[in-house]
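My entries follow the structure.

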Amino acid sequence: QVQLVESGGGLVQAGGSLRLPCAASGIIFRSNIVAWYRQAPGKQRELVASISSIGTTNYADSVKGRFTISRDNAKNTVYLEMNTLKPEDTAVYYCKVFNSWGQGTQVTVSS
């Protein structure tokens with residue numbers, strides 16, 4: 001079965017940075033679009049960023065210029081680099097590959 005494992009979350013001060021990896025197994029990773037979503041308390045899960053099989057990226061307006069999504073197909077891993085973090089970035093971050101979800105990793109940004 002498909003397994004997606006996010007990590008790298010934690011507590012960071014506003015203005016700081018985090019890098020979240022998502023390791024995939026049980027899927028032909030290189031052939032799929034990979035996306036990062038996030039869900040804050042009381043909010044709907046929202047798309048943050050995505051990257052296609054050929055490296056085309058898309059970002060939510062709220063994170064453009066601050067977040068970067070990338071993939072390493074040889075390692076079956078996608079990364080979300082988050083810079084200039086804001087308190088409103090606080091959420092559980094999930095990766096998604098072809099309708100499969102990871103368990104999420106908590107990111108908390110303090111003021």
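I worked from a predicted model, in which local features need pLDDT of at least 70, side-chain atom pairs count only at pLDDT 80 or more, and totals for chains, interfaces and linings use all residues. Residues are numbered from 1 along each chain as its sequence is written, and side-chain values use heavy atoms, with hydrogens and water left out.

Open sheet. I took strands as DSSP runs of E, at least two residues, numbered from the N terminus, and called two strands paired if DSSP finds at least two bridges between them. I found four strands in an open antiparallel sheet, ordered β1-β3-β8-β7. β1 (3-6) and β7 are the edges with a single partner strand each, so one side of each lacks a neighbour in the sheet. From one strand to the next the twist averages 15 degrees (lines fitted to C-alpha atoms, angles from 0 to 180 degrees between N-to-C directions). β7 and β8 are antiparallel and share six bridges; D72 has T77 in β8 as its bridge partner.

β11. I noted that β2 (residues 10-13) pairs with β11 in the parallel sense over four bridges, with L11 opposite T108. β9 runs antiparallel to β11, with three bridges, and V92 is partnered by Q106.
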